[in-house]
Amino acid sequence: MSQSCRQMVDEIREKRNLTKEQLTSLLETENTEDVEDLRRQARETAQRIYGNQVFIRGLIEFTNYCKNDCYYCGIRRSNHKAERYRLTQEQILNCCATGYELGFRTFVLQGGEDGYFTDERICRMIRTIKERYPDCAITLSIGEKERESYQAYYDAGADRYLLRHETADETHYGILHPKELTLKNRKRCLHDLKEIGFQTGCGFMVGSPGQTVDTLYEDLQLIRKLRPQMVGIGPFIPQKDTPFGGKAAGTLEMTLRLLAIIRLLHPPVLLPATTALGTIHPKGRELGILSGANVVMPNLSPVDVREKYKLYDNKICTGDEAAECRCCTERRMNSIGYAVAVARGDCRDYMQNQV
């Protein structure tokens with residue numbers, strides 16, 4: 001690693017901050033030794049906190065109805081080619097039962113902003129899962145809500161909430177979303193979630209249309225200031241039936257560099273190697289772990305609906321049974337020297353603050 005780059009990475013790690021010039025340098029360098037050392041230092045940072053553990057989350061995609069019309073998303077309300085579905089409470093509970101037997105101790109309930117799933121229905125689901133599996137964590141990823149709704153979910157027993165901010169730049173936000181959706185409200189949601197007590201997650205797509213080094217710098221500053229317990233980033237992948245269907249996808253290389261930078265900026269964060277990363281490269285999730293990530297999310301959804309939850313095209317693992325996903329994930333993590341942890345996998349920073 002060049003001396004100047006080593007000093008830069010050391011400074012980022014020590015200050016837990018970076019300048020726009022440092023970000024530009026790290027994202028644009030063509031020195032492969034510098035990039036590999038950046039990833040190595042991020043990996044070692046994660047290992048100092050979590051060891052060689054990878055936490056698994058059981059993903060349950062329970063509805064692909066959505067009231068929103070985000071330009072990048074395959075389940076946007078204007079996509080009339082989407083084949084809509086909703087899982088019943090019994091189906092969701094069956095997914096949890098299967099996942100629990102396979103060693104999952106976190107269930108991620110993810111869906112579009114579907115008015116059918118009222119607060120009452122969501123809270124009933126949370127309480128039922130918690131009664132059956134009290135040693136498990138529940139993560140929700142169901143979009144923007146009023147503070148009262150978030151409070152109700154938390155009181156019912158939900159532990160975590162993932163709400164990608166997508167971009168911290170207002171102009172860029174307007175490129176990605178229709179005018180009824182605002183960055184101001186998205187930020188309000190994130191702050192409400194943290195104040196209520198959720199382990200909170202934000203994140204963004206890498207390579208989304210209109211993204212620049214300037215917008216990425218704003219994203220990283222939001223993460224630095226918010227100090228979320230989770231950050232979900234993955235490459236933008238176009239979905240053919242959206243306004244962005246013809247746009248270029250984000251790259252593996254840029255995603256790996258940003259994973260590493262986020263780990264250095266916010267060492268305790270829970271950082272997934274996403275399905276999207278595995279979609280653009282056959283070893284994408286492994287490379288993500290080797291760049292500082294420490295979470296993977298195999299799919300527990302019924303096989304017959306996985307293809308319908310099409311946020312982007314060519315999604316992997318749509319035909320695998322839950323056990324196949326679980327075993328495949330473990331083999332992949334073992335192959336790079338990591339162990340899948342049968343544990344809730346809470347953020348260390350969050351747990352320390354609860355003592």
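This is a predicted model: local features need pLDDT of at least 70, side-chain atom pairs count only at pLDDT 80 or more; totals for chains, interfaces and linings use all residues.
Helix α4 runs over residues 89-101, which makes 13 residues. From its first C-alpha to its last it reaches 19 Å, close to the 18 Å expected at 1.5 Å a residue.

Which residues of α4 are buried? They are Ile92, Leu93, Cys95, Cys96 and Gly99. Looking down the axis of α4, you would see these buried residues fall within an arc of 150°, so they line one face of the helix. The buried residues of α4 pack against β2, β3 and α5. Just after the helix comes Gly103, with a positive phi of about 100°.

## The sheet

Now for the strands. Six of them form an open sheet, and their order is β2-β3-β4-β5-β6-β7, with parallel pairing. At the edges sit β2 (58-63) and β7 (230-235), each of which pairs on one side only. On average, neighbouring strands of this sheet are turned by 20° against each other, direction ignored. As background, strands of a sheet pair through backbone hydrogen bonds, either parallel or antiparallel.

For a closer look, take β3 (residues 106-111) and β4 (residues 137-141), which pair in the parallel sense over five bridges. Within this pairing, Val108 has Thr139 in β4 as its bridge partner.

## Helices packed on the sheet

Helix α5 (residues 119-132) packs on the sheet and touches β2, β3 and β4. The direction of α5 makes about 155° with that of β4. Helix α10 (residues 252-265) also packs on the sheet, where it touches β6 (199-206) and β7. Between the directions of α10 and β7 the angle is about 165°.

## Aromatic pairs

How many aromatic pairs does a search of the whole structure find? The search finds 10. One of them joins Tyr161 and Phe198: the ring centres are 5.9 Å apart and the planes stand at 75°, so the pair is edge-to-face. This pair links distant parts of the chain, since Tyr161 belongs to strand β5 (residues 160-162) and Phe198 to the loop between α8 (183-196) and β6, 37 residues apart. Tyr161 is buried, with a relative accessible area of 0%, and Phe198 counts as buried at 1%.

Phe236 and Phe244 form another edge-to-face pair, 6.4 Å centre to centre and with 80° between the planes. Phe236 counts as buried at 1% relative accessibility, and Phe244 is buried too, with a relative accessible area of 8%. Ring pairs also link Tyr150, Tyr154, Tyr161 and Phe198 into a cluster.

## A look at His172

Our last stop is His172, which lies in helix α7 (residues 170-176). Is His172 buried or exposed? Its relative accessible area is 2%, so His172 is buried. Leaving aside neighbours within four places in sequence, His172 is in contact with Thr167, Ser208, Pro209, Gly210, Gln211 and Thr215.

Glu33 gives a sense of distance: His172 and Glu33 are 139 residues apart in sequence. In space, they are 32 Å apart, C-alpha to C-alpha.

Key. Residues are numbered from 1 along each chain as its sequence is written. Side-chain values use heavy atoms; hydrogens and water are left out. Two strands pair if DSSP finds at least two bridges between them. Helices (H or I, at least four residues) and strands (E, at least two) are DSSP runs, numbered from the N terminus. Axes are lines fitted to C-alpha atoms, for helices over the stretch in contact, and angles run from 0 to 180 degrees between N-to-C directions. Contact means heavy atoms within 4.5 Å. The expected span of a helix is 1.5 Å times one less than its number of residues. Buried means under 20% relative accessible area, exposed over 50%, partly exposed in between (1.4 Å probe, protein chains only). The arc is that of the directions from the helix axis to the C-beta atoms. Rings of Phe, Tyr and Trp (its six-membered ring) pair if their centres lie within 6.5 Å; planes under 30 degrees apart count as stacked, over 60 as edge-to-face and the rest as tilted.
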